[in-house]
Amino acid sequence: GTGTGQDFSNISFTGGSVYLYSNALDVDNDMLLNTGTLETEGQAVTVGGRADIVSGTFTGTSGATTLGSLAVSSGATYQTTSAVTTITASSGTCWDNNGTISLDSGPVIFSGGCNINTGGTAEANDFNDLNFTGGTSTLVSNNLNVLGGMDVYGGSLDANGQAINVLGTVFIDDNTLTGGTADHSFGVLYILSGGIYSATTGVTEINSSNVYNQVILLSSTGLITPNTGTFKIVSPGIEREIAPSTTGINFYNLDVNTTDLVVDTSGTPYLNIANDLNVTSGIFNTSYDDVYLNVTGDTIIANGATFIGYTYDQWFGSLTIESGGTYEASSATTTITSETAGGRAINNSGILTANSGTFNITTSGNTVIENETTGSGNLYNLVVDKTNELYTPSGMIIDNNLTVDAGVVYPQSNSWVWTGTGDVIINNGGTIGNGGLSGAASFGSLTINTGGTYSATSGTTTL
């Protein structure tokens with residue numbers, strides 16, 4: 001019929017079953033379902049205020065549903081619509097589930113920014129698809145589980161210590177997803193222009209990929225603020241891609257646990273890891289599109305895992321190749337800036353392929369390069385530019401050149417053999433030997449520049 005625009009100022013249902021056979025239901029203020037059943041039968045429902053389901057069932061069917069806020073009490077049920085459900089409140093708790101929410105195929109949109117409680121006895125997932133289009137919404141209690149995708153655009157989301165699990169893609173566009181402290185699980189993470197993921201200090205797990213095989217994609221000025229959390233890539237399949245934005249990409253810890261993870265930099269070859277890189281299984285591949293990789297902490301290649309460096313300069317705090325692990329170095333320069341807790345700049349128990357590249361050791365304290373008995377492969381070029389001592393517990397074979405710009409270089413055991421197939425150059429401030437060497441040394445050539453020192457072995461030095 002005709003009227004003021006709303007069918008009711010407030011409405012209460014206190015028993016029996018009510019069916020909306022024709023026309024939408026429009027309530028200016030609040031709706032109360034105290035007992036009984038409300039079946040929308042495909043009609044749209046608009047409630048300007050609070051829809052409070054105290055007992056009974058509210059079934060959305062196929063009509064659009066717009067609510068200021070929703071409260072579902074213990075023992076009550078809300079069946080979502082296959083169309084769109086929009087929550088418009090811009091303050092207070094706008095989604096308060098203490099009962100059961102049964103999902104149809106439609107998305108839920110939070111357009112105002114409010115507090116969300118996803119508790120109750122809902123299905124395994126709280127939402128089918130979820131969108132935030134205005135204000136800042138906050139998870140005040142309980143985890144958030146989304147069966148499909150989640151879009152954070154026009155509005156922001158604060159996890160506030162709660163876990164977020166999204167089976168599909170998380171889109172962040174010109175707004176912020178604040179991860180908090182709990183562990184999160186996303187199928188794919190796609191950060192569009194102006195979007196920010198302020199990562200959790202726990203674990204962000206990526207476990208799927210889009211049709212382009214991408215697992216993390218940053219478009220234009222999309223940004224990850226890594227905080228002190230860990231990104232763990234477990235997406236199955238081959239050639240799964242990380243595609244950084246024009247500002248590069250930043251992680252605190254990165255754990256690669258997938259078949260083949262490719263860094264596709266799309267013309268912006270910067271991947272920064274503020275703490276540790278762990279290649280736990282599969283392949284971490286920077287050869288698809290050359291990458292300047294900077295790992296401040298430890299890089300660890302585990303048993304069965306492979307690291308491919310390709311042709312750009314790379315920086316590691318330390319490098320550990322565990323037994324069964326494979327490291328294929330960049331053909332440019334790999335700089336080691338620190339060491340493991342055990343004092344190793346490089347510790348190889350696996351397979352090291354140098355690819356004619358250069359290792360540059362710049363650590364500040366005394367440090368060790370160790371090729372364990374299970375390790376194979378030699379360094380090609382080695383440059384030592386440090387203030388203290390660098391030694392090897394065993395002998396060392398360098399397939400090309402050794403350059404000592406600063407610091408003291410020697411084998412820990414005086415009887416071990418050092419072999420430099422190419423040129424050995426000692427520059428001002430650099431020293432080879434510690435005054436007590438007795439093992440043989442073999443160099444392609446030996447150049448001692450002004451200020452450099454060669455403390456010769458008491459054995460034979462062969463040039």
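Me: Hi! By class, how many nonpolar, polar and charged residues does the lining of the largest cavity have?
Reply: The lining of the largest cavity has eleven nonpolar, two polar and no charged residues. Here Ala, Val, Leu, Ile, Met, Phe, Trp, Tyr, Cys and Pro count as nonpolar, Asp, Glu, Lys and Arg as charged, and the others, Gly among them, as polar. Before we go on, this is a predicted model, where local features need pLDDT of at least 70, side-chain atom pairs count only at pLDDT 80 or more, and totals for chains, interfaces and linings use all residues. Residues are numbered from 1 along each chain as its sequence is written, and side-chain values use heavy atoms, with hydrogens and water left out.

Me: What volume does the largest cavity have?
Reply: The volume of the largest cavity is about 90 Å³. A cavity is a set of points on a 1 Å grid over the protein atoms alone where a 1.4 Å probe fits but cannot get out, and lining residues have an atom within 4 Å of a point. Points are joined across faces, edges and corners, and the volume is the space filled by probe spheres set on them.

Me: Which lining residues are the closest to the centre of the largest cavity?
Reply: Of 13 lining residues, the closest to the centre are Pro-411, Trp-418, Leu-437, Ala-440 and Ala-441. Strand E42 (402-411) and strand E45 (441-448) are the elements that give two or more residues to this lining. Strands (E, at least two residues) are DSSP runs, numbered from the N terminus.

Me: Switching to pockets, how much space lies in the largest pocket?
Reply: About 220 Å³. A pocket is an open set of grid points with protein on both sides within 12 Å along at least five of seven lines. Of the 14 residues that line the largest pocket, Asn-371, Gly-377, Asn-378, Met-396 and Ile-397 are the closest to its centre.

Me: Which element gives the largest share of that pocket's lining?
Reply: E39, with three residues. The lining as a whole divides into six nonpolar, seven polar and one charged.

Me: Is Glu-370 buried or exposed?
Reply: Glu-370 is buried at 12% relative accessibility, while Arg-344 is partly exposed at 23%. Buried means under 20% relative accessible area, exposed over 50%, and partly exposed in between (1.4 Å probe, protein chains only).

Me: And what about the other bridge, which side chains meet there?
Reply: Asp-52 and Arg-50, at 3.5 Å, N to O. Asp-52 is buried, with 18%, and Arg-50 is partly exposed at 34%.

Me: Last topic: how many residues does the largest nonpolar core have?
Reply: It has 102 residues, and Phe-110, Met-150, Ile-216 and Phe-284 have the most contacts inside it. Such a core is a set of buried Ala, Val, Leu, Ile, Met, Phe, Trp, Tyr and Cys residues joined through side-chain atoms within 4.5 Å. Leaving aside neighbours within four places in sequence, Met-150 is in contact with residues including Leu-130, Phe-132, Ile-164 and Phe-171; contact means heavy atoms within 4.5 Å.

How values were computed: Helices (H or I, at least four residues) and strands (E, at least two) are DSSP runs, numbered from the N terminus. A salt bridge is a side-chain nitrogen of Lys or Arg within 4 Å of a carboxyl oxygen of Asp or Glu.
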